[in-house]
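Subject: Structure for your review

Dear colleague,

Please find the structure below, handed over for your use. My findings follow directly after it.

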Amino acid sequence: MISSDWLPAIRPVLEAFRDLGVDYQIGGSLASSVWGLPRSTQDADLVADLLPEQVAPLVARLQEQYYIDGEMIREAIRRHSSFNLLHLDTMLKIDVFIPGPSAFEKVSFYRARPQWLGDPPTEQALFTSPEDIILHKLIGYKMGSEISERQWLDVLGVLKVQSSYLDAAYLREWAEQLQVTDLLTRAWEEAGL
């Protein structure tokens, strides 16, 4: 489950996505906290396969509770990049990433898994799979010159908690294609697996 601090900020966005038929998943540190060891985070990462015709209804639905910019969203869709929302009541920031055309982004987007939100668990949301969050975090760690202790600890946490459930063949295959095999090997060793 994710921290209850984040529920008021992300729940309306997830509900809007569901009602508008937007495929989504929760990624980043919220996903690594669900699959691994919980930690605090400054922002929430969502991945959403938004279409241009869904932008106006999304803005209309969320504009009273969030800072939201329709043109920024349209530009993110055009560029397969990201935009952000700011929840006005909590001032928590949500980064929404539009999936890109790479094979890995396509595969990982459709491997999302349901997990419970909140305590008590009364509803589910889709989260980036444990294998894919490991790979995304390894990519981020490598791109950040391998200095982000938070990224590395997120990887180790997911490996330790999910070790007996992970698809190791999938991890090895994509680590090789994404050129992070050395980091995955190091992480397995540091996690004691």
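Strands β1 (residues 24-27) and β2 (residues 43-48) pair in the antiparallel sense, with four bridges between them. Within this pairing, Gln25 stands opposite Val47 of β2. Tyr24 and Ile26 point one way from β1, while Gln25 and Gly27 point the other way; all of them are buried. Please note that this is a predicted model.

The largest nonpolar core contains 59 residues. Phe17, Ile26, Leu50, Ile73, Leu85, Ile94 and Ile134 are those with the most contacts inside this core. Its main contributor is helix α1 (residues 7-20), which gives the most, with seven residues. In soluble globular proteins, nonpolar side chains tend to be buried together. As for Leu50, its contacts, apart from neighbours within four places in sequence, are Val22, Leu58, Ile73, Ile77, Phe83 and Ile98.

The largest pocket holds about 610 Å³ of space. Its lining is made up of 25 residues, and Asp45, Val47, Phe97, Glu105 and His136 are those nearest the centre. At least two lining residues come from each of β1, β2, α5 (103-109) and α6. Helix α6 gives the most to this lining, with six residues.

Setting aside neighbours within four places in sequence, Asp154 is in contact with Ser29, Ser32, Arg39 and Lys137.

Finally, I turn to helix α9 (residues 181-190). Its buried residues are Leu183, Leu184, Ala187 and Trp188. Because these residues cover an arc of only 140 degrees around the axis, they lie on the same side of α9. An α-helix has 3.6 residues a turn, so residues three or four places apart point the same way. The buried residues of α9 pack against α6 (130-143), α7 and α8 (168-177). On the other side of α9, Asp182 and Glu189 are exposed. After α9 comes Gly192, with a positive phi near 75 degrees.

With kind regards

Methods:
Residues are numbered from 1 along each chain as its sequence is written. This is a predicted model: local features need pLDDT of at least 70, side-chain atom pairs count only at pLDDT 80 or more; totals for chains, interfaces and linings use all residues. Side-chain values use heavy atoms; hydrogens and water are left out. A nonpolar core is a set of buried Ala, Val, Leu, Ile, Met, Phe, Trp, Tyr and Cys residues joined through side-chain atoms within 4.5 Å. Buried means under 20% relative accessible area, exposed over 50%, partly exposed in between (1.4 Å probe, protein chains only). Contact means heavy atoms within 4.5 Å. Two strands pair if DSSP finds at least two bridges between them. The arc is that of the directions from the helix axis to the C-beta atoms. On a 1 Å grid over the protein atoms alone, a cavity is a set of points where a 1.4 Å probe fits but cannot get out, and a pocket is an open set with protein on both sides within 12 Å along at least five of seven lines; lining residues have an atom within 4 Å of a point. Grid points are joined across faces, edges and corners, and a volume is the space filled by probe spheres set on the points.
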